[in-house]
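Please find below my notes on the model. They are arranged by topic and can be read against the coordinates.

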Amino acid sequence: MEQFISTVKSQVIQLSSVDKRIGMVNIPYAFFYQNTSAVDGFMPSEQLKTAFYLALQAFPILAGHLRQSRDGRFSMVVDKENLNMPEYLESTCDVHYKDIKSARFDRRAWPSGVATVGSVMAPNANGIIKTTNVHIVRLKDNSGLILFLNIIHCVTDGIGYFAFLNHWAAVCKTMRSGAVEVPKPPAEFTFDRSIIKQSLSTEREQLDAITSSVFAQPSLLSKCLAWMSPETRGSLLEFLTSLINSETHVFHIADSTLETLRSSVREFVPEGTRVSNNDLLLALFCKTYAQALHSAKEKGGNIVTRALGSIGSAVFGRLFGTEEHQVTGIACDIRPRIGITDKSYIGCLLILPFISNPLDDLLIPTSAESLATIVSNIRKCVDNLDAPYIGTYIDTVDSTPSFFILPAFYLMKHPNALITSNHTRFRMFEADFGDGNQEWVTLIKERPGFVTFTPCPPPMKGINISMCVEAPVLKELLADEFWTSTASQIN
């Protein structure tokens, strides 16, 4: 730790409007490592911790304090004399790795307390928002280890998250090999948010109708949320999230199944239309989830209020409304769209365009033809995200400091909305600390309707779908013949 502190230079990193837009949530992952060789020195504590602080030298922002100014601007303050040092904990438990593995990594088989924070960025007991949290949980009989790592989302997105995790692992593995020099990161990272404005196109184009409506009429409530301190806002959202009783489950779709489905859907879309994995998976989940939610509601299932629904629905129940559309937010990385994939930029570069599908379309029994309608809608939305569009989007969010809250507030007004994020491009199973790669990875989320697409652990081939749902919705989803013939449940 002292070696890290000695390398820190005090600085203030102004966060961008894009960072702010996602600045109310965390990136909390749990990674599972098995001691397959039953070695006594499995992922040794001291070397793990030493490597962590050595890796932190390339990511000083992770020891910064999040600050919000009176004019609504956010910054990360890295003060050498007052660092916000990561929370680094280690504990043991009486749960054996084989028991977690035999339960297919279902969270109900985990030891308690693995996740020291939830999905909402909130202050700890001392009133401080930690930028980074680590919890090493050693399992019974040295059978394995769970590594929990959280980074607040306004500091980075999945690209930066896994860049740090994999660098930490590389440093640890090198140290354990006896090498004298610690490996440097594969690239020199930049945290300078000005690169975004410098890379924007000079051209502009009109935003789509939904996005325009998101920013058109900020309400008094949205302004109040925006002007709260990050600590107060986080505490409020954390409380609302605590009202939820949701479950996280993982399903698997094999590559061969996905290709068969793609071939079928292509027969019903215009020739030449791109049908990506993301288009297919998202369309399939939109339809399946809408149908399951509708059935659960009709049967009077005990569906608890959604915390990120409206404040009123958080108290009185989220299904009393009569929404005629399903709103879906699609997290999109804008690096390739503004030409900075080669800059090793560490920050949050996700925007959240929305699509709106009529429930009448979604409730049509799922087939290749009915999926094609939703796929076309998704593809149109994604294709619209070119450089001029992104320039207008960022100009709009930049125009008024409180505007960063409006996409989240839009979701609050649509409590049946979905949020989707594709993590398949992340190097998720490559963090070898010296005893092999992780066997399983879980993203911890509590908001019903949140779904992520993730790579499969080797040697599996295909894509995993991790979803957060209420129990009555899951029951209906498992009764959906099209879904169960396409996806198999892992946990």
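Is R262 buried or exposed? R262 is buried, with a relative accessible area of 7%; buried means under 20%, exposed over 50%, and partly exposed in between (1.4 Å probe, protein chains only).

1. Basis. This is a predicted model, in which local features need pLDDT of at least 70 and side-chain atom pairs count only at pLDDT 80 or more, while totals for chains, interfaces and linings use all residues. Residues are numbered from 1 along each chain as its sequence is written, and side-chain values use heavy atoms, with hydrogens and water left out.

2. Confidence. The average pLDDT (the predictor's confidence in each residue, from 0 to 100) is 90 for the protein, and 95% of the residues score at least 70. Over residues 305-321 pLDDT stays under 50; the model has 44 contacts beyond four places in sequence for this stretch, a contact being heavy atoms within 4.5 Å.

3. Seven strands form an open sheet with mixed pairing, in the order 12-9-13-15-16-8-17. Strand 12 and strand 17 (488-489) are at the edges with a single partner strand each, so one side of each has no neighbour in the sheet. Strands are DSSP runs of E, at least two residues, and helices are runs of H or I, at least four, numbered from the N terminus; two strands pair if DSSP finds at least two bridges between them. Strand 15 (residues 450-455) and strand 16 (residues 462-470) run antiparallel and are joined by five bridges. T454 has N464 in strand 16 as its bridge partner.

4. Helix packing. Helix 15 (residues 368-383) packs on the sheet, where it touches strand 9 (325-330) and strand 12, and its direction makes about 160 degrees with that of strand 12. Helix 10 (residues 255-266) lies across strand 8 (246-254) and strand 16, at about 80 degrees to strand 8. Axes are lines fitted to C-alpha atoms, for helices over the stretch in contact, with angles from 0 to 180 degrees between N-to-C directions.

5. N357. This residue is in strand 12 (residues 354-358) and counts as buried because its relative accessibility is 1%. Its side chain makes a polar contact (N or O atoms within 3.5 Å, one able to donate a hydrogen and the other to accept it; sequence neighbours count only through side-chain atoms) with the side chain of N377, at 2.6 Å.

6. Salt bridges. The structure holds 17, each a side-chain nitrogen of Lys or Arg within 4 Å of a carboxyl oxygen of Asp or Glu. R262 and E259 form one of them (2.6 Å, N to O). E259 is partly exposed, at 41%.
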